[in-house]
Amino acid sequence: MKALVLHQKEAPIAYQNIEKPTVKKDEVLVELKAAALNHRDVYITQGLYPGIKVPMILGSDGSGTIVDIGQHVSRDHIGREVIIRPGSGWSSKNAIQGRDYKILGLPDPGCLAEYISVPLSQVIRKPAYLNWEQAAALPLAGLTAYRSLFTRGRLRKGDRVLISGVGGGVALMACQLAVAAETDVWVTSGTDDKIEKAIHLGAQGGVNYKRDDWHKILKNKVGGGFDLIIDSAGGEGFTRFTDLANMSGRIVFYGGTRGNFTLNPQKIFWKQLDIMGSTMGSDEEFDEMISFVERVKLVPHISNVFSLEEGVKAFEFMNKGKQFGKIVIRIKE
């Protein structure tokens, strides 16, 4: 089969033929139709991720059709259209992931290939209204955004929500989910064009965080503060969120690409703020996310689609940070 394989750190992935995976007793073989990239994949190629081993097929997100089964799996599953769960080992809705929690694409082979063999428990029925590319764009970004908003952030109808850095896969998915949950959504971005695109997807407005006093500009636009703030970057800008948060507001962050930050403790305790980290999510939260998405007929926004053969170009495009939405790899029609 064809696959994108990482052979060494700080080197491009290779498009090549490798052996098709063997189905184990409790597994299903999925013929992948589409996969999606995450920044995690790029960081692994750059050597910026712990526990890297090579050679490795990257990619945590995928959708496809079950074409073969292990001996303990019913043949009724053959032909089913499914989405791959990106993580395993966090089966219940616990507060944190277990020690055995892992994500496809490292340490186990991922979805940037024509086939993948995974436990039956690691697939879920694809919503019929989504095409293959849209379905592949959903898993890791959808799960991370859902947990940040609903489990950690305790999102409620009517909340005023701020999503920072809109345009990336998780941030944009958080924007779409929050809009679908009937909240008042605002965004920030370093690009005015991305703010306008977010408004077309239902956001009320936004501000470019590269502007001086962006937080004051945003507060004046909104006419107040925010009940929930979702961030992906950390860094100096994070310190402004305590100014923007309402009394008893919640601030949730799932990334730290801009580095460390300093907070004023007086603002935190006086305003009774909750500041929480979040990452990925449990199987139960994944199922809840899929159910919510299907109920509101949410369609993940896709930035660009590349063929499997164009994998190197896809990684280069993601590394430039110009995308608005998910970058998807089309594997088979």
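**Close-up views of a predicted model**

**View 1. Threonine 188 and its contacts.** Leaving aside residues up to four places away in sequence, threonine 188 is in contact (heavy atoms within 4.5 Å) with Leu162, Ile163, Ser164, Gly165, Val166, Val207, Tyr209, Trp214 and Leu218. The model is predicted, and local features need pLDDT of at least 70, side-chain atom pairs count only at pLDDT 80 or more, and totals for chains, interfaces and linings use all residues. Residues are numbered from 1 along each chain as its sequence is written, and side-chain values use heavy atoms, with hydrogens and water left out. Threonine 188 belongs to strand 13, residues 184–189; helices (H or I, at least four residues) and strands (E, at least two) are DSSP runs, numbered from the N terminus. With a relative accessibility of 2%, threonine 188 counts as buried, where buried is under 20% relative accessible area, exposed over 50% and partly exposed in between (1.4 Å probe, protein chains only).

**View 2. Lysine 33 in strand 3.** The strand that holds lysine 33 spans residues 27–36. Lysine 33 is buried because its relative accessible area is 12%. When residues up to four places away in sequence are not counted, the residues that touch lysine 33 are Ser63, Gly64, Thr65 and Trp132, together with the run Ile329, Arg330, Ile331, Lys332 and Glu333.

View 3. A salt bridge here is a side-chain nitrogen of Lys or Arg within 4 Å of a carboxyl oxygen of Asp or Glu, and the whole structure contains 16 of them. Lysine 332 counts as partly exposed because its relative accessibility is 22%, whereas glutamate 31, at 16%, counts as buried.

**View 4. The salt bridge between glutamate 294 and arginine 125.** In this pair the closest N and O atoms are 3.4 Å apart. Glutamate 294 sits in helix 9 (residues 283–296) and arginine 125 in strand 11 (residues 123–125), so the bridge ties together parts that are 169 residues apart in sequence. Arginine 125 counts as exposed, its relative accessibility being 51%.

**View 5. The salt bridge between aspartate 243 and arginine 240.** The side chains of these two residues meet at an N to O distance of 3.9 Å. Aspartate 243, with a relative accessible area of 19%, is buried, while arginine 240 counts as partly exposed at 35% relative accessibility.

View 6. Valine 54 is joined to proline 55 by a cis peptide bond whose omega is about -5°. Proline 55 is placed in the loop that runs between helix 1 (39–45) and strand 4 (56–57). A cis peptide bond is likewise found between leucine 106 and proline 107, with omega of about 15°. Proline 107 lies within strand 9, which covers residues 107–108.

**View 7. Arginine 154, with a positive phi.** Arginine 154, a residue other than glycine, has a positive phi near 50°. The loop that carries arginine 154 lies between helix 3 (139–152) and strand 12 (160–163). Arginine 154 counts as partly exposed because its relative accessibility is 36%.

**View 8. Helix 8 and the loop that holds glutamine 272.** Helix 8 covers residues 265–270 and includes phenylalanine 269, which is exposed, with a relative accessible area of 53%. Glutamine 272 is located in the loop between helix 8 and strand 17 (274–277). The phi angle of glutamine 272, a residue other than glycine, is positive, near 55°. Glutamine 272 counts as exposed because its relative accessibility is 55%.
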